[in-house]
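Subject: A structure for you to look at

Hi there,

Here is the structure I promised to pass on to you. Have a look around it first, and then read my notes below.

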Amino acid sequence: MMNYIALIPAAGVGSRFGASYPKQYVELAGQAVLQHTIDLFVKNGRLAHIAVIVSPDDEWVDEVIRLPENVAVYRVGGKSRAETVVNGLNYLINHKIIQADDMILVHDAVRCCLPQTALNRLLDTVGNRAQGGILAIPVVDTLKRAEHRESVIAKTVSRAGLWQAQTPQMFQAALLQKSLQNVDFSEITDEASAVERLGIAPLLVEGDSRNIKLTRADDADYVAWLLGQ
Ligand SMILES: Nc1ccn([C@@H]2O[C@H](COP(=O)(O)OP(=O)(O)OP(=O)(O)O)[C@@H](O)[C@H]2O)c(=O)n1
Ligand SMILES: C[C@](O)(CO)[C@H](O)COP(=O)(O)O
């Protein structure tokens with residue numbers, strides 16, 4: 001029987017956020033960002049296992065994070081997000097914690113405001129479809145390409161057909177593992193781009209503007225406000 005599995009890469013250092021420790025451990029609305037993210041998958045109730053992938057030398061997870069049933073921490077994070085994902089996936093498959101045909105939902109630890117409606121839409125739309133799929137939202141702003149060296153506009157770029165990728169990104173474990181073999185991790189900023197390289201077209205499923213990624217310090221107030229809603 002196929003299961004839905006959440007894989008949460010949480011081995012980043014948060015350089016753009018600029019705190020003295022990784023942003024997934026920053027407390028917002030009463031608890032760590034990563035705890036909010038774990039709790040939303042637990043609350044959903046449709047995930048058989050929730051795997052949190054942290055750095056081998058993580059100093060915070062044991063102190064800060066509660067692990068409900070079905071949640072486990074794996075200390076196999078890598079130097080890039082893609083390396084963290086493939087290390088986590090390899091560990092889960094090699095240790096028979098998951099099966100090759102399970103559907104893996106890779107979700108940034110720092111997208112802690114993912115609404116249940118969007119998560120359920122992804123699960124219901126992608127199901128166990130072979131090409132997988134991701135949450136994304138259509139671009140709404142006018143897009144400008146900058147001059148190569150200066151902060152001036154070179155041209156306006158059509159936004160027709162452009163979507164902003166969010167997470168979760170949902171793929172069969174075996175396909176995701178294959179897509180992340182023999183790749184330059186620095187070129188892979190999301191799972192879908194790796195799967196696209198195999199000639200597969202993942203589904204675009206309408207995400208939610210509240211599903212923002214905590215990236216810079218000035219995102220924190222908005223994220224805390226969303227968490228309080
Ligand atoms: N080596 C890495 C890098 C990132 N991530 C995770 O990937 C997600 C999205 O990455 P990002 O927002 O870029 O986080 P950081 O890499 O921590 O931030 P920055 O790029 O500003 O350093 C986060 O949950 C982050 O912890 C990871 O697991 N392993
Ligand atoms: C996966 C992602 O969140 C989709 O928008 C994004 O690509 C992560 O990028 P980052 O550079 O690691 O923040």
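Two strands pair if DSSP finds at least two bridges between them. Helices (H or I, at least four residues) and strands (E, at least two) are DSSP runs, numbered from the N terminus. Please keep in mind that this is a predicted model, in which local features need pLDDT of at least 70, side-chain atom pairs count only at pLDDT 80 or more, and totals for chains, interfaces and linings use all residues. Residues are numbered from 1 along each chain as its sequence is written, while chains are lettered from A and ligands numbered from 1 in the order in which they are written.

Seven strands make up an open, mixed sheet, in the order 5-4-1-6-10-7-11. Strand 5 (71-74) and strand 11 (203-206) are at the edges, each pairing on one side only. On average, neighbouring strands here are turned by 30° against each other, direction ignored; axes are lines fitted to C-alpha atoms, for helices over the stretch in contact, and angles run from 0 to 180 degrees between N-to-C directions.

Now for some pairs. Strand 4 (residues 49-53) runs parallel to strand 5, with four bridges, and valine 52 has valine 73 in strand 5 as its bridge partner. Strand 10 pairs in the antiparallel sense with strand 6 over four bridges and with strand 7 over five bridges. Isoleucine 104 is bridged to phenylalanine 171 in strand 10, and methionine 170 of strand 10 stands opposite glycine 133.

How many of the residues of strand 10 are buried? Seven of its 10 are, so the strand is mostly covered. Here a residue is buried if 20 or more other C-beta atoms lie within 10 Å of its own, exposed if 12 or fewer, and partly exposed in between, with C-beta atoms placed from the backbone.

Helix 4 (residues 116-126) lies across strand 1, strand 7 (133-138), strand 10 and strand 11, and its direction makes about 145° with strand 11. Contact means that two C-beta atoms, placed from the backbone, lie within 7 Å.

Then compare two residues. Leucine 204 lies in strand 11 and is partly exposed because 16 other C-beta atoms lie within 10 Å. Leaving out residues up to four places away in sequence, leucine 204 touches Gly133, Ile134, Ala136 and Trp163. Proline 202 sits in the loop between helix 6 (191-196) and strand 11. Proline 202 has 24 C-beta neighbours inside 10 Å, so it counts as buried. The C-alpha atoms of proline 202 and isoleucine 134 are 7.1 Å apart, although 68 residues separate them along the chain.

Last, the ligands. A residue is near a molecule if its C-beta atom, placed from the backbone, lies within 6 Å of it. Around ligand 2 you will find Arg81, Asp108, Ala165, Gln166, Thr167, Thr189, Asp190 and Lys213. Strand 10 (residues 163-172) gives the most to this shell, with three residues. Ligand 1 has 22 residues around it, and Pro9, Gly12, Ser15, Arg16 and Ala109 come nearest.

Happy exploring!
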